[in-house]
Amino acid sequence: MRKIIGFALFLAVTSIQGQNEKRDVHIAVGGKPALYYLPLTITEQLGYFKDEGLNVRISNFSGGTRSLESVVGGSADVVSGAYEHTINMQSRKIPFQAFVLSGAAPQISIGLAIKYVANYKSPKDLKGLKVGVSAPGSSTNMVINYFVAKGGLKPSDIAIIGIGTGGSTVIAAVDQGRVDVVSQTDPQMTMLEKDGKIKIIAETRTLEGTEKLFGGPMPAASLYAPIEFIRKNPNTVQALTNATVRALIWMQDASPQQILATVPEEYFGGDKAIYLFAYNNVKTAYSKDGLFSDAGAKTTLKALASFNPAIKPAEIKLDETYTNEFVKKALAKYGKKK
């Protein structure tokens, strides 16, 4: 009898240990309709968060810095955004950690307004131009800063203007001449390109384009949170990771038609064909397994340090900016497809 009671107690404790510490989780994201965040949308739409016992609320902001601010301010729990922010925050002594990678490349392109194309030869020719990014300090801002640095320019040599991520606002900014250059994600960049309004002068839509620009792999979209939140809520973080990895695995075999059937209609901007064309442009940029690489973290640190003097590589502990602990468990549960 004593053995039975002991075993029952063991099962009860094990069950409690496996429960999510937080059932209600608030995720902040900067520009959810963008293809950059497609894995988040897929995870949500297929009900994978719910399957993990989570009630996830997603709030959409104008850019990655805005979503990060909401977590720093305590109004959201987790950010769906660029991995690089964990390095930026560590340099400010605010420890954040990324725990699952959904973007193996940034999917950000730089487009030059057609009227400037004839005189463009290299990044240094962007000096003095107005650049439209999602929000100042966001990943779109980081990419253009790095790009102009390759031409010997400083961030102050260009004028950064936040224009959000919505298709109508981004396109209007170009049409009205409020910006001369755009650093943005798809499908907006594909729309502008197809309409002959811009010429793409650099892209990270593909692994090849990313390698050409950054000289190595560049991790992008991820789920990241304050390290304290991860320590206090390991089961909840595991559940978020499980759901995301499951979505990444589903995406590997999903047809374009299945993608379209899963994405909310309003994300298409009234043109499914253009959305599908844009998806085909970026589909190789999604992570296949959710894992971070040491090489990718090093590339990110090198890129940030190239234009931001506040980032001192010798003082950054890269192994604290990301973890693969949760992804490995998720892969053990759902299986890694080759």
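**Packing and local geometry in a predicted model**

Gln107 is buried, with a relative accessible area of 1%, where buried stands for a relative accessible area under 20%, exposed for one over 50%, and partly exposed for what lies in between, as found with a 1.4 Å probe on protein chains only. The structure is a predicted model, in which local features need pLDDT of at least 70 and side-chain atom pairs count only at pLDDT 80 or more, whereas totals for chains, interfaces and linings use all residues. Residues are numbered from 1 along each chain as its sequence is written, and side-chain values use heavy atoms, with hydrogens and water left out.

Gln107 is found in the loop between β4 and β5 (109-113), the helices (H or I, at least four residues) and strands (E, at least two) being DSSP runs numbered from the N terminus. Although Gln107 is not a glycine, it has a positive phi of about 60°. A positive phi, of about 65°, is also found at Lys93, which is not a glycine either, and which is placed in the loop between α5 and β4 (96-101). Lys93, however, is exposed, with a relative accessible area of 67%.

Gln107 is also among the residues touched by Thr185, together with Ala34, Tyr36, Pro106 and Ile108, when residues up to four places away in sequence are not counted; contact here means heavy atoms within 4.5 Å. Thr185 has its place in the loop between β8 and α9 and, at 7% relative accessibility, counts as buried. Pro187 lies in the loop between β8 (181-184) and α9 (188-194), and a cis peptide bond, with omega about 15°, joins Asp186 to Pro187.

Thr165 is placed in the loop between β7 (159-162) and α8 (167-175), and its relative accessibility of 14% makes it count as buried. With residues up to four places away in sequence left out, Thr165 touches Gly30, Gly31, Ser62, Ser134, Val170, Gln184 and Gln188. Lys212, by contrast, is exposed, with a relative accessible area of 72%, and is found in helix α10 (residues 207-214). The C-alpha atoms of Lys212 and Ala202, which are 10 residues apart along the chain, are separated by 9.0 Å.

The interior was examined through its nonpolar cores, a core being a set of buried Ala, Val, Leu, Ile, Met, Phe, Trp, Tyr and Cys residues joined through side-chain atoms within 4.5 Å. The largest nonpolar core has 49 residues, and those with the most contacts inside it are Ile27, Leu38, Val78, Phe99 and Leu240. Helix α12 (residues 234-253) supplies the largest share of this core, with eight residues. A second, separate core has 43 residues, including Ile87, Val131, Tyr146 and Tyr322.

Helix α15 was considered next. The buried residues of α15 are Gly296, Ala297, Thr299, Thr300, Leu301, Ala303, Leu304 and Phe307, and what covers them includes α5 (84-91), α7 and α10.

The axes of helix α7 (residues 139-149) and helix α15 (residues 294-307) come within 9 Å and cross at roughly 70°, the axes being lines fitted to C-alpha atoms, for helices over the stretch in contact, and the angles running from 0 to 180 degrees between N-to-C directions. The two helices α7 and α15 are therefore roughly perpendicular to each other, on a scale where angles under 35 degrees count as roughly parallel, over 145 as roughly antiparallel, 65 to 115 as roughly perpendicular and the rest as oblique.

The crossing of α5 and α15 is right-handed. Here Glu84, Ile87 and Asn88 of α5 meet Ala297, Thr300, Leu301 and Leu304 of α15.

Note on methods
Left-handed = near helix turned anticlockwise from the far one by under 90°.
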